[in-house]
Amino acid sequence: MKKTILAVLAVGIVLIGSGEYFLNNRRVQAVSIQINIKDLPEHGLTLIAPTDTSFEGKLSAMLGNKPNPLAEGLRSYSVLIENRGKKTIVGYRLKWEMIKADGTVSVRQAGGVNVGDLIGKAQPELENPSRSSGFAVKSGSTAFVSPAGSLSEGDSGTITGYATGSADSAVLDQVRQNAKDKRFPSLVDHVMADIKDYKSFTVSLDGVFYEDGTFVGPDTTGFFASVETCVNAKRDLLEEIAFAVQHNRSMDEIFNYVEELASTALPVGKLNQGNLYNIYKRMDAEEMLRMRTAMSSQKAVEMSLRQYRQAWPTLKKL
């Protein structure tokens, strides 16, 4: 569903101090912005624009009535995802199509997925994402998504994703570093500098993964294929480890192979599914090495195989 809202939004820089928010001495500028919303109401998935009369109340309730520098600084360019369906969302991707007065178009993406919810049942010993934090949006819940990152209802103090596609890679790198270091005012500055000249925004809900592995949305960004590749890489590595154990390979032999995967050179240039598969598999190998450091080789393998033998959701588009 597409909704168009023309509004005059006050854009300012927000600072935090002593638990209060104050506008700095920069002049607040009124900007006329056309906001187009494309959501999926047929699946109970609604995007709420900042000009909607319900936006402020829902955002305040989501944040537990506590101020948040990211939400304060970028609310005029952000949306709320409201899950009115019966199933928990474990991943989503939103797309910002932004147009300047001269017709120049740029695209940003935001969102992600709790992969741990799509690769078997969570193990109590593992730090898998729960279905109440990260990119999870429970039935009847809301998430805040901005051009810088996301805030979830169960984890409203943490940015759970970053926008992508900036024309300036240095800006994107700075945004990520500021988010990592929780330098929120600086993060807002960088994002605002990157998007302030765009006059029209179309925010689309491009894809959503549910807890049972089903997927809905137009998927113009290849979100489904990317997550499927990630899950396949994880399953393949665990299958190789299971094969090695069945054929009485030693722990040293198994982890020599894992170390070899973890040291694989990262691809350069434009990514394709093959490159993504190798990246994800390397990340999984690095995770196994961290598990070995935290416990023992034998225990890390046992826990990995326990996860491998669980029933994994089947990823499928509806």
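Reply: Lys234 counts as buried, because its relative accessibility is 8% and the cut-off for buried is under 20%. The model is a predicted one. Lys234 has a salt-bridge partner in Glu287, and the closest N and O atoms of the two are 3.0 Å apart. Lys234 belongs to helix H5 (residues 223-246) and Glu287 to helix H7 (residues 273-294), so this pair ties together parts that are 53 residues apart in sequence. Side chains of opposite charge can pair when their charged atoms come close.

Helix H7 takes part in another such link. Arg292 forms a salt bridge with Glu259, with 2.9 Å between the closest N and O atoms. Arg292 is in helix H7 and Glu259 in helix H6 (residues 251-262), so here the parts tied together are 33 residues apart in sequence. Both ends are partly exposed: Glu259 has a relative accessible area of 33%, and Arg292 has 26% relative accessibility.

Ser304 can be taken next. This residue sits in helix H8 (residues 297-308) and is buried, with a relative accessible area of 4%. Beyond its neighbours within four places in sequence, Ser304 contacts Leu238, Met288 and Met291. By residue number, Leu238 falls within the range of helix H5, and Met288 and Met291 within that of helix H7.

The search of the whole structure finds 11 salt bridges. One of them joins Arg75 and Glu72, whose closest N and O atoms are 2.8 Å apart. Arg75 counts as buried at 16% relative accessibility, whereas Glu72 is partly exposed, with a relative accessible area of 31%. These two residues and Glu56 are linked in a network of salt bridges.

The strands come next. An open sheet of four strands runs in the order E5-E6-E9-E10, with antiparallel pairing. Its edges are strand E5 (45-48) and strand E10 (150-152), each of which pairs on one side only. On average, and with direction ignored, neighbouring strands of this sheet are turned by 20° against each other. Inside this order, strand E6 (residues 79-83) and strand E9 (residues 142-145) are antiparallel and joined by four bridges. Ile81 stands opposite Ala143 in E9.

Strand E7 (residues 89-100) is mostly covered, with nine of its 12 residues buried. E7 pairs with strand E11 (residues 198-210) in the antiparallel sense over 11 bridges, and Tyr92 stands opposite Val208 in E11. E7 also runs antiparallel to E8, to which nine bridges join it; Gly91 has Val113 in E8 as its bridge partner. The hairpin of E7 and E8 has four residues between the strands, and in it Gly103 takes a positive phi near 95°.

Val107 lies in strand E8 (residues 105-113) and is partly exposed, at 36% relative accessible area. Together with Ile99 and Val105, Val107 forms a nonpolar patch on the surface, with about 220 Å² of accessible area in all.

Technical notes: Residues numbered from 1 in each chain as written. Predicted model: local features only at pLDDT ≥ 70, side-chain atom pairs only at ≥ 80, totals over all residues. Heavy atoms only, no water. Helix = DSSP H or I, 4+ residues; strand = E, 2+ residues; numbered from the N terminus. Buried < 20%, exposed > 50% of the residue type's maximum accessible area, 1.4 Å probe, protein only. Contact = heavy atoms within 4.5 Å. Patch = residues over 30% accessible without salt bridge, like charges linked within 9 Å, V, L, I, M, F, W, Y side chains within 5 Å. Areas by Shrake-Rupley, 256 points an atom, 1.4 Å probe, with all protein chains shown as cover. Salt bridge = Lys/Arg side-chain N within 4 Å of Asp/Glu carboxyl O. Pairing = 2+ DSSP bridges. Axes fitted to C-alpha atoms, helices over the stretch in contact; angles between N-to-C directions.
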